[in-house]
Amino acid sequence: MKKINWKKEARLLPGYLIVGVWVLFTAVMLFWILGASLSTSREIYSGQIFKFESGFHWSNYADAWNVQNVSVFFGNSLLYSVISCVGVLAIAAPAAYVLSRWEFVGGKALRIGLVIAMSVPVIMVIMPIYSLSVQWGIKGRVLLVILYIMLRVPYTTIYLLDFFSTLSRTYEEAAYLDGCSGPNTFLKIMLPLVQPAIITVTIFNFMSVWNEFFMALIFTSSESMAPVGVGLLNIINSMKYTGNVGGMFAAVIIVFLPTFLLYIFMSEKIIAGVTGGGVKG
Amino acid sequence: MRKNKAMIFWFCLPALLSLVIMFVYPVCRTVVMSFFQVESVTATTADWSFYGLGNYFKIFGSASFMTSMRNMLLIWIVGGVFTLLLAMLMAVVVTSGIRGKKFFRAAIYMPNIISAVALATMWIQYIFQYDYGLLNTIVQLFGGDKVKWLGTDLKFWAMTGSFIFGSVGYYMLIYISGIEGIPQDLYEAATIDGAGKGRQFFDITLPLLKGVIKTSITFWSINTTTFFLWTKMFSPIDTESSTIVPVIYLYDMVFGGKGITQRDAGAGAAVGVVLTLIIIAVYLITERLFKGSDLEY
């Protein structure tokens, strides 16, 4: 531990105040929501939430989970996120690999197309996608997963492409001399080498699908297939009639937790990924 | 290393198909559709009738579309100024050598990783809440009267304010990565020459961050033109003129909303094209304004 240089710290005081107030505000908000999620509606309205005079109301969570269907939304989101993350890797990783390795007809066009696609607003694609899905008779969960996968392909491919290009070609030459086929070399040698990049990009894909709202709102026709975002909106809208404020805050906490926990454990990796990947492009 | 044509083909095909089905074909179809009269989004091209610029005349003649554009412009300018300035302030503070740098950086970025629906709910149901909300508690502490933050007058600013809070962290990270890319010896030389911290910021940091600022303005523009979720959260059931934005207008027009008697997918497509043109225009303008900013040092 370095000795504290008080003169230096005093000079930095205004800075501490600025970020301190910001973070304090965030913390107050989160703690209050947590407290409210364990209180009754009456305690919340009378401002008594941190006394817990009537104990911790874990029943709010049970109520949110079972009665308000958060378990269904949560399961849906988990399903969509996990399948999409796997699916997008299956499509993006092979393409990223060959794009980083060889020059071929259309390769450059594909690469530029993927980069441009990363900044195409969803509103430009949503209407034709909607009519295509009706025309081809794809709907519900399957449709959402397919859309999420295709939506994340450009970002994932470009992100992995950068990492494949940093790998030396000597690996493949050695594998070739040993008689290993191209696809085998990719699967058994090259893919494990970009594992760190795969983990980072998967975290981002997971959070992005977990938090996706626009497409989910348009393409989920019933509550049974709604992911957490759309589900939470439904809960809030119906709360006006049920008056169960505590249960609503419990639902907020449940929806908030998965990505928050992921962040607690991996914030360094996530932050490095934010500015490392697409930003400079 | 031998070039394996079959492998290249099969490895690229799924990505190529995704790109074509999800992006290339839909974008082209949306652009074409904006010149046709199309009532239902599922109508086949046989039911389209050519309309020229009719859809564009229709949306620019619509009062609610113009209101939505005005709101979007306000979010873009006011929200943009506050978000980018706050992000710059946070980035400078976090990189100024304070203790707990990693903690502060992670905590300020945190709102970006949680579900925006959950974040908006926290603001609406707690911070701005009339009876037990944080702001009204503070107001009463100072002897003031409770304020209707979510009433018609203040709703737009409440929405913009909470959106700013949720956005600052992301732009802060962009600025931090820019600031950390500036060689430290520039500051050391400036200190020896007697330049104060403020002078150093305006004469070294800011000019060298031009490229990063350009990127952040482009991202902010994309972010505000596609603004949707926060309006949906602040006006969940009926669209209101105080919070309407173009994407909401498009959504109501194409997928149905209160007060829309006849759906109009063609007009929706025109809205999409207008927004995309705005993004491209902003990109080209900032590109020109910040020309030659990718300095090597």
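Student: How are H8(A) and H11(A) oriented relative to each other in this predicted model?
Tutor: The axes of helix H8 (residues 140-165) and helix H11 (residues 195-211), both of chain A, come within 10 Å and cross at roughly 155°. Angles over 145 degrees count as roughly antiparallel. H8(A) and H11(A) are therefore roughly antiparallel.

Student: Is the crossing of H8(A) and H11(A) left-handed or right-handed?
Tutor: Two packed helices are described by the angle between their axes and the distance between the axes. For H8(A) and H11(A) the angle is roughly 155°. Their crossing is right-handed.

Student: How many nonpolar residues has the contact of H8(A) with H11(A)?
Tutor: H8(A) contributes A:Tyr148, A:Arg152, A:Thr156, A:Tyr159, A:Leu160 and A:Phe163, while H11(A) contributes A:Ala197, A:Val201, A:Asn205, A:Ser208 and A:Val209. By class, three of these residues are polar and one is charged. The nonpolar residues number seven.

Student: What distance separates the centres of domain 1 and domain 2 of chain A?
Tutor: Domain 1 of chain A covers 6-60, and domain 2 covers 69-242. Their centres are taken over C-alpha atoms. The separation is 36 Å.

Student: Is A:Gly229 buried or exposed?
Tutor: A:Gly229 lies in helix H13 (residues 228-242) of chain A. A residue is buried if 20 or more other C-beta atoms lie within 10 Å of its own. A:Gly229 has 26 other C-beta atoms within 10 Å, so this residue is buried.

Student: Which residues of chain B are in contact with A:Gly229, leaving aside its neighbours within four places in sequence?
Tutor: The contacts of A:Gly229, apart from those neighbours, include A:Asn211, A:Glu212, A:Phe213 and A:Ala216.

Student: Which helix gives the most residues to the side of chain B that touches chain A?
Tutor: The contact takes 74 residues from chain B and 75 residues from chain A. Among the elements giving two or more residues to the chain B side are helix H1 (5-33), helix H3 (63-94) and helix H13 (265-289) of chain B. With 19 residues, the one that gives the most is H1(B).

Student: How many charged residues has the side of chain B that touches chain A?
Tutor: That side is sorted by class. There are 53 nonpolar and 16 polar residues. The charged residues number five.

Student: How are H1(B) and H13(B) oriented relative to each other?
Tutor: The axes of H1(B) and H13(B) are 8 Å apart, and the helices pack at an angle of about 115°. Angles of 65 to 115 degrees count as roughly perpendicular. That makes H1(B) and H13(B) roughly perpendicular.

Student: How many polar residues are in the contact of H1(B) with H13(B)?
Tutor: The crossing of H1(B) and H13(B) is left-handed. B:Thr30, B:Val31 and B:Met33 of H1(B) meet B:Ala265, B:Gly266, B:Ala269, B:Gly272 and B:Val273 of H13(B). Five of these residues are nonpolar and none is charged. The polar residues number three.

Student: What share of the residues in chain B is buried?
Tutor: The secondary structure of chain B comprises 13 helices and two strands. Its C-alpha trace spans about 75 × 75 × 35 Å along the principal axes. Of the 297 residues in chain B, the buried share is 41%.

Methods
Residues numbered from 1 in each chain as written. Chains lettered and ligands numbered in written order. Predicted model: local features only at pLDDT ≥ 70, side-chain atom pairs only at ≥ 80, totals over all residues. Contact = placed C-beta atoms within 7 Å. Helix = DSSP H or I, 4+ residues; strand = E, 2+ residues; numbered from the N terminus. Nonpolar A, V, L, I, M, F, W, Y, C, P; charged D, E, K, R; others polar. Buried ≥ 20, exposed ≤ 12 C-beta atoms within 10 Å, placed from the backbone. Axes fitted to C-alpha atoms, helices over the stretch in contact; angles between N-to-C directions. Parallel < 35°, antiparallel > 145°, perpendicular 65-115°, else oblique. Left-handed = near helix turned anticlockwise from the far one by under 90°. Domains from an automatic or database assignment.
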